[in-house]
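My notes follow in the order in which I made them.

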Amino acid sequence: MQAEQSSRIDSATHPTGVQVRQSLKYSTRDGVCASVMSGVGDNYLGAFAIFLHASNSQIAFLAAVPQLLGACFQFVSVRVLEQLRRRKPLIIAGVIGQALTWLLIAATPFLFDEGAVWWLLVGAMSYQLLGHFVLPAWNSLMGDLVHPDQRGRYFGRRNRAISVSAFAALCVGGLILHQTERAGAVVWGFVLVFLFALAARLASAYYLSRMVEPPYVTRPEDRFSLWQFLRDGRRTNFGRFVAYIGLTHFAVQVSGPMIAPYLLRDLHFTYLEFMLSTAAVVVAQFLTLPWWGRSCDRFGNRQILRLTGWLLPVLPVFWLMTTNVYGIIAIQLFAGAAWGGFALAMGNFLFDNVKPAKRPQCVAVYHSANALGIFLGASLGGLLVLALPQTLRVGGVQLTLVSNLQLLFVISALLRCAVSLKFLPLLREARDVAPFPARELTTKLLVFGWQRSARMVGTLGRAVTVVALVLVGQRRHGDK
């Protein structure tokens, strides 16, 4: 009896390979459920704010403040983790609490006649606080469970499953809003999608509870203060990485929160068109993530960060070239491919450059830098949109823009370029990886990759055809 009890304790303390593999499967299911929540919840918060008659500045505020407060709350999570010495209870409590915040968000238009947007902000703050509370412990747990040489492949597969589920959830949410808008009851459409998000996050908590937890061990010398990081971080690879990612998010968020009002208000997209343009990002990620994952493992995360980091400054420029829904969808496909690789390499680079014992604190610092960048970028964008003109005069030529938000896209592109120029050459790879054969890959793509490219184009062509038929049918119905 004692031997059997000792065996159970040892198994719980030191998980077997079978337990680890099963836990990674549960983690993928957790990610799928979390992405469903994001697909029907996060992606429509901006549209919900517009429904509540939020101004552009309030939308920027909604994107900035909750993220910053949530990231700062991660330092509370680290302190709780140091006392609790267990990660799963902390993660599950935060996930369940985050799920319940959707009740407050869904009830906002019914409970508050005046200032509903500001109460939505309270709900978004609670949502972000609890979501960020989970991150240090979750990253620490996943860093222990996934082997360093398999992170690219595993997270590539996981993110691909996440992309599929996020795409499906996004489509379901868009169709619900489209149908309820036609019925004159769009408020109930938002209630349905937010309750759907609640149920998905509760399912996520269930799968997290089934995962095994390796022992969490820290030493006093592994701890560091925020002041120590600010003082010494600029001399480390991790410190330069944090600065690059934080400033990149700053540059992106100057224009990022304005995409929803630009499409819905200025270009007069329907909820269906908005959903399709947003879904294009997820489709592109699904198609490209397996390749990004293999490339991260083989050539290193630094190389993929450099490759995709130089694509990011180009993306806002495309928004100046077209206002057509099909052109916007094409832009979003390209953006999804670039952001998919960037996000995957960004997460793996964090794991590679941080010791397991320091991971929770470093994750808190990393996300705080991101949130600060998001806050400052969105705040700057919210202020600029009040001052930027819609009509420009160059010499004797007068140029009238579709929206002054287009000038934000230009400013964001210039800032992204400056950040990439400064920091990308400073990053160093933490693992031994194969050299990146740019010429060989280009030749292979041109000579041997035409069949795969043709299949991908065919898939995209069929998807675009379906989108076109849906939009034409919608417009014909509207004309009648």
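**Entry 1: a residue in a helix**

I started with Arg 294, which is found in helix α13. The model is a predicted one, in which local features need pLDDT of at least 70 and side-chain atom pairs count only at pLDDT 80 or more, while totals for chains, interfaces and linings use all residues. Residues are numbered from 1 along each chain as its sequence is written, and side-chain values use heavy atoms, with hydrogens and water left out.

Helices here are DSSP runs of H or I with at least four residues, strands are runs of E with at least two, and both are numbered from the N terminus. I looked up the accessibility of Arg 294 and found 40% relative accessibility, so Arg 294 counts as partly exposed. The scale is this: buried is under 20% relative accessible area, exposed is over 50%, and partly exposed is in between, with a 1.4 Å probe and protein chains only. I also noted that Arg 294 and Gly 152 lie 6.1 Å apart in space, C-alpha to C-alpha, although 142 residues separate them in sequence.

**Entry 2: helix α13**

How far apart are the end C-alpha atoms of α13? I find 41 Å, which agrees with the 42 Å that the 29 residues of the helix (residues 271-299) should span at 1.5 Å a residue. The expected span is 1.5 Å times one less than the number of residues.

I then looked for a bend, taken as the angle between axes fitted to the seven residues ending at a position and the seven starting there. A kink of about 45° sits at Thr 288, shortly before the proline Pro 290. Of the 29 residues in α13, 22 are buried, and the helix is mostly covered. Just after α13, Gly 300 has a positive phi of about 95°.

**Entry 3: salt bridges**

Side chains of opposite charge can pair when their charged atoms come close. I counted a salt bridge where a side-chain nitrogen of Lys or Arg is within 4 Å of a carboxyl oxygen of Asp or Glu. By this rule I get 6 salt bridges.

One of them joins Arg 158 and Asp 30, at 3.5 Å from N to O. Arg 158 is in helix α8 (residues 151-182) and Asp 30 in helix α2 (residues 17-40), so this pair ties together parts that are 128 residues apart in sequence. Is Arg 158 buried or exposed? Its relative accessibility is 7%, so Arg 158 counts as buried. Asp 30, at 4%, also counts as buried.

Asp 30 has a salt bridge with Arg 201 as well, at 3.9 Å from N to O. Arg 201 lies in helix α9 (residues 186-209), so its pairing with Asp 30 in helix α2 ties together parts 171 residues apart in sequence. Arg 201 is buried too.

I noted another salt bridge between Arg 87 and Asp 144, at 2.8 Å from N to O. Arg 87 is in the loop between α5 (74-84) and α6 (88-111), Asp 144 is in helix α7 (residues 116-145), and the two are 57 residues apart. Arg 87 has 0% relative accessibility and therefore counts as buried. Asp 144 has 33% and therefore counts as partly exposed. Arg 86, Arg 87, Asp 144 and Glu 213 are linked in a network of salt bridges.

Gln 98 is in helix α6 and, at 5% relative accessibility, counts as buried. Contact here means heavy atoms within 4.5 Å. Not counting residues up to four places away in sequence, Gln 98 touches Met 37, Tyr 127, Leu 130, Gly 131 and Arg 201.

Ser 77 lies in helix α5 and counts as buried at 1% relative accessibility. Leaving aside neighbours within four places in sequence, Ser 77 is in contact with Leu 90, Phe 133 and Pro 136.

**Entry 4: nonpolar cores**

I took a nonpolar core as a set of buried Ala, Val, Leu, Ile, Met, Phe, Trp, Tyr and Cys residues joined through side-chain atoms within 4.5 Å. The largest one has 68 residues, and those with the most contacts inside it include Tyr 44, Trp 102 and Phe 190. The largest share of this core, 9 residues, comes from α13.

**Entry 5: the whole chain**

The protein chain has 20 helices and 2 strands. Of its 480 residues, 51% count as buried.
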